[in-house]
Amino acid sequence: MSCLDIIADYGLRSIGLGERLLPRSDFTLCHQFTLIGSGMIWNIYFGTLALTSGFILATLLALGKASKNFYARKLSGWFIFIFRGSPLFIQFFFAYFLFLSLKQNFTFLSPLTSAWAGALFVLFCNTAAYSGEIFYGALQAIPKSDLEAADAYGMSGFSRFRRIVWPTMLRLAWPAYTNEAIFLFHATTLVFFSSFPAWQQRGDALYYANYFADKTFNPFIPYPILAGYFIFLTLILIGLFGLANRKLNIHLPKDKHTKIKFRIRLIR
Amino acid sequence: MFEFCSNPENLSGFSWLSCYLTTPKHMNLFYSVGTVLLLLLITAPTALLFGFGGAVMARSKILLIKVFGNAYISIVRGVPDIAFFLFFVIAIDQLLEWTRHKILCPEWSEPIRQGNDFVVCTIAKLPLSSSPQWIHEIYGFLLAVFTFAIVFGAFAANVLYGAMRAVPKAQIETAVSFGMTERQVFRRILVPQMWIFALPGLGNLWMILIKATPLLFLLGVEDIVYWARELGGTKTAKFTSYPHGDWRVWYFLGLLVFYLAFTRISEVIIDTLMKTLSHGTPTLGGDLQRQVGR
C-alpha cells in the first residue's frame, strides 16, 4: 500500500470521509503523518471560528469593562474574571455536563453536547475573555492626544469610535493578540480530552497522536510529528498576523511600527 | 463520619448533605485537593530550579551549553503544552526502564522494541510488578511532578533569562570595577537583583501552574477531576445509601469555584508582594510608588 493510497483513505478521516476503521497494526510513518494531519482540520476549525467570533465579543467586553455604566462594567468584569481565572480544562468539563443536563429540558440545545458546537462555544467565550482583557488594556493606553484630536475635528459617538478608538486599540493590542491567537490554537488540543466525545473516532491532531502513542507504545514518533504540524501552524499565524500588523501601522513611519514579539503565556 | 449518619434513608436537607459529603469516597475527593496542593508545592521550587539552570545555561559562554539552554527554553514555544505532558510521561518512564534494563540485564539479547511492544526484563520494570499498589501510585505521581517541572522549568527559564538581562548594566560594571570576579558578580549582584524583575513573570507562571493542575488527570493520577467525575455520576440505590441522579455538573461547578478562589487569592497575594518588593527599586513600579509618595 503506497503512501498516496493511505492519504486517500485517511486524509479526511477526521471529518468522517474515507476509511471507517483506524489502522490497527503495521503503522507506517505515512499513516501517522496523514492521520495526525487530518486531525489538524479540527484544530483549525475550532481555532479559526472561535477566534473570529470571539473577536467581536472581546471588543464588546473591553468596551463594557471601560464603560461608565455600572452594570456593563460589572458584567464584563465578571465574565472576564470567570473565564480567565479558571482552567479551560475544567470549563470544558463543566460546560459539557451543563449542556447534558440542559439537553433533557431543551431539545434544541442537543448539538451543544457534541464537540463541534459545545467545545466551540466554550473556546469562543474563553478567547473572548482573554482578548477582551487585552483590548481593555489597550483601550486604557490610547494616547489622550488622539482623542483630543478627534474631539477637535468634531467627531463624536460612533464615528469617533470607528475611526480613532478602535484602530488605535487594535494597533496597541495586536502583538499581545497575536500570542492569544497562537495559544488559542494550542488550547484546541484539549477538546477531545475533556469529556466531549470524539464521535466515530473523529478527533483532532492530539487525539490521533495519542492514539498512535497508545497503540505503538512509542511516543517518540507521533508527538514530534504533532509538534511539527503545530510549529508550522504557528508560523503561518505569525505571518498572517504580521501582515495585519503592517496594515494597522501603515500610516506610521517604519521605525515606529509596533513589533510583534513572541511571548509565552501557556495553558489557560 | 457523624453518629446520625448510620441510617441515611431517614435524613433530609442539610443533615443528609453533611452525611453525603463525608462518606469515605468523598474523603478521597478532599484528599485529592491535597494531592493538587502537594503537586504545586513540589513542582514550583523544582521548576524554579530547572528554570534557573536553563537560564544560566542559556547565558553560558560555551557554545554547546548555550545551544542546549536556548533549545530547552524554546521547546515550549510553538507546540501545545498538553502534547508535552502526554509525551514526557511515557518518554521518561521508558527512558528509566531502558536504562535499568541496560544495567540490570546486560545479557539480554532480544530487542527492546518488538513491533508495538516495549519489552524490558522483569527486574528492570518500574515499579516492579510485585510491588504494592501505593508504590505504583507514588511512581505515577512522581512522573507527573517531574513532567510538570520540566515543562514549567522551561517557562521559568524564559522568565529568569529575561530578568537577568534586565539587571542594570551599571550595577554589573560597578561590581567589576570593584574587582569582583565573574562568579562574585553573579552571586552577589546579579542573582539578588534579578528577582524583582522576575517577579511579575513568576507570578504569572504561578497562575498558569495552578490552572494546569487539572491536567494531572490526563497523566493518570487520581486527582480532583477524576473524583468529581466518579462521585458525580448517577448512583442507584442498589450500590449506595445516597442515591442521586447525574450531579457531575454540580461537582464541576464546585471545582470551577475552587479554582476561581485559588487564582483570585494568589493574585491578591502576588500584587501585595509586588508592591512591597518594588519599594525603592529602579523599576516602573518603584517609580510609580515614589511619585505617589511625593
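Author: A quick word before we start: pLDDT is the predictor's confidence in each residue, from 0 to 100. This is a predicted model, where local features need pLDDT of at least 70, side-chain atom pairs count only at pLDDT 80 or more, and totals for chains, interfaces and linings use all residues. Residues are numbered from 1 along each chain as its sequence is written, with chains lettered from A and ligands numbered from 1 in the order in which they are written.

Reader: What is the mean pLDDT of chain A?

Author: Chain A has a mean pLDDT of 88, and 94% of its residues reach 70 or more. Over residues 264-268 of chain A, though, the pLDDT is below 50. Where pLDDT is low, the predicted coordinates should not be read in detail.

Reader: Why are helix 7 of chain B and helix 9 of chain B called roughly antiparallel?

Author: Helices here are DSSP runs (H or I, at least four residues), numbered from the N terminus. Angles run from 0 to 180 degrees between N-to-C directions, and those over 145 count as roughly antiparallel. This pair packs at about 175 degrees, with axes 10 Å apart, so helix 7 of chain B and helix 9 of chain B are roughly antiparallel.

Reader: Which residues of helix 7 of chain B meet helix 9 of chain B?

Author: Among them are Leu199(B), Trp206(B) and Ile210(B), while Tyr259(B) and Phe262(B) are included on the helix 9 side. Being in contact takes C-beta atoms, placed from the backbone, within 7 Å.

Reader: How many residues does each chain bring to the contact between A and B?

Author: Chain B brings 36 residues and chain A brings 36 residues. Helix 9 of chain B gives the most to the side of chain B that touches chain A, with 10 residues.

Conventions: Contact = placed C-beta atoms within 7 Å. Helix = DSSP H or I, 4+ residues; strand = E, 2+ residues; numbered from the N terminus. Parallel < 35°, antiparallel > 145°, perpendicular 65-115°, else oblique.
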